[in-house]
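Read the sequence beside the model, and keep both in view.

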Amino acid sequence: MNFEHTEERRMLADSLNRFISEQYHIEKRHHIAASSQGYSTEFWQQFAELGVIAALLREEDGGFGGAGFDIAVVFEALGRGLVIEPFLGSAVMAAEALAAAGRALDGIADGSTIAGFAHDEPDSHYELARVQTRAERSGGGWLLNGAKAAVLQGEAAELFVVSARTSGDVESETGISLFLVPKDAAGVSVLGTPTIDGGRVAELTLDNVKLEADALLCEEGQGFALLERVIGRGVLALCAESLGAMEAAKAATLEYLRTRKQFGAPIGKFQALQHRMADLLLEIEQARSAVINAAAALDADRITRERALSAAKTTIGRIGTLVAEECIQLHGGIGMTWELPLAHYAKRLVMIDHQLGDEDHHLERYIALGREAAA
């Protein structure tokens, strides 16, 4: 199989990397992260005009990409620049759920609409099927009650894709449905908070929220398979973002080793540091291989797809933490200073491990899927 990117993807990567390096400086990113909005409307529209959002959507959904390698190319570039605009929640996960339901994505593709994906709950512990939010039929429509946690850019979202249980017990894969919930619907409450690595998330509370019958996005009680696909695309995006952040941290560390002098020589000439850096380079290449494998398997059968995604997330979790720790140590005393971009890459690498399932969760899931395949 040929894993080289197409000419179109290479052009997209080049233009996106150039735009981010020239326009999205770390000082600008700090300013955006500290704002009450948590992202830049101006940059969001510029990304849309560059076709970055459309590259994450399939052609039939108003985009020109949407494949695994399209997601990987875009998010690796976003990771290099620590971009905090709402790509993951809106253009990847919410967009996938809406596309599967045949809903128009024009607003998402051109950046005029931001959608939130609300699935995690305060005590879900990464378990995909654990949904306590309830949806009951009411007067030809639906009545939703429950709470969702850590909704990416929830304050900026105009609408939410919400998972809710229409039947079954709290951990059953059957009985889960997905609903489209307007932010301005009566009973919807959004409480935002900043995150440690930049951007914002929100707690979403649903108190007797009344929806029309067409708010249901999939067949009633059969939303788990779609939920799994949506989360899978998010996992791939996070893995590629982490890879981009690792590459940026690696480049900064190599430059430091070449320029920082001790005893009259660059510290990069010391054999002990060379060995540590060589080990780090090998680990990052292993992470890249895992991302490539996951991107190639995104449209494969369920077991192949999910095992590749969990394998990648497990690998990324371990290596991302290793890269954060090693690069900081190789920088010595300045490694964790706010002024050095490396500290912010390190925070993002560690936090990516905890999004959509950490290393331990995905290792257990990979093993369970293997047993399922062998049964």
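Q153 is buried, because its relative accessible area is 6%; buried means under 20% relative accessible area, exposed over 50%, and partly exposed in between, with a 1.4 Å probe and protein chains only. This model is predicted, so local features need pLDDT of at least 70 and side-chain atom pairs count only at pLDDT 80 or more, while totals for chains, interfaces and linings use all residues. Residues are numbered from 1 along each chain as its sequence is written, and side-chain values use heavy atoms, with hydrogens and water left out.

Q153 lies in the loop between β3 (141-152) and β4 (159-165). Helices (H or I, at least four residues) and strands (E, at least two) are DSSP runs, numbered from the N terminus. Although Q153 is not a glycine, its phi is positive, at about 50 degrees. Most residues other than glycine have a negative phi. H125 also has a positive phi, near 55 degrees, and is a residue other than glycine. It is found in the loop between β1 (115-118) and β2 (134-138). Is H125 buried or exposed? Its relative accessibility is 61%, so H125 counts as exposed.

Q153 is also one of the residues that R200 touches. R200 lies in strand β7 (residues 200-211) and counts as buried because its relative accessibility is 14%. Contact means heavy atoms within 4.5 Å. Not counting residues up to four places away in sequence, the partners of R200 include S35, S36, Q37 and G38, as well as V151, L152 and E155. What joins the side chains of R200 and E155? A polar contact of 2.5 Å does. A polar contact is a pair of N or O atoms within 3.5 Å; within protein, one must be able to donate a hydrogen and the other to accept it, and residues adjacent in sequence count only if both atoms are side-chain atoms. The side chain of R200 also reaches the backbone oxygen of S36, at 3.3 Å.

Next comes S40, in the loop between α2 and α3. S40 counts as buried because its relative accessibility is 11%. Its side chain reaches two backbone nitrogens: that of E42 at 3.3 Å and that of F43 at 3.0 Å. The contact with E42 is at the start of α3. Leaving aside neighbours within four places in sequence, S40 is in contact with I32 and E85.

Helix α3 covers residues 41-49, and F43, W44, F47 and A48 are buried in it. Why do the buried residues line one face of the helix? Seen down the axis of α3, they fall within an arc of 145 degrees, so they line one face; the arc is that of the directions from the helix axis to the C-beta atoms. An α-helix has 3.6 residues a turn, so residues three or four places apart point the same way. The buried residues of α3 pack against α1, α2, α4 (52-55), α6 (87-100) and α7 (106-109). The face turned away from this buried side carries the exposed residues E42 and E49. Just after α3, G51 takes a positive phi of about 90 degrees.

The last topic is empty space. Rolling a probe the size of a water molecule over the atoms shows where empty space is left. On a 1 Å grid over the protein atoms alone, a cavity is a set of points where a 1.4 Å probe fits but cannot get out, and a pocket is an open set with protein on both sides within 12 Å along at least five of seven lines; lining residues have an atom within 4 Å of a point. Grid points are joined across faces, edges and corners, and a volume is the space filled by probe spheres set on the points.

The largest cavity holds about 50 Å³ of space. Among the residues that line it are L56, D61, A95 and R233, and α6 gives the most to the lining, with five residues.

The second largest pocket holds about 280 Å³ of space. It is lined by 17 residues, of which R80, G81, A248, P341 and Y345 lie nearest its centre. The elements giving two or more residues to this lining are α1 (7-23), α2 (26-34), α5 (68-80), α8 (224-259) and α11 (341-354).
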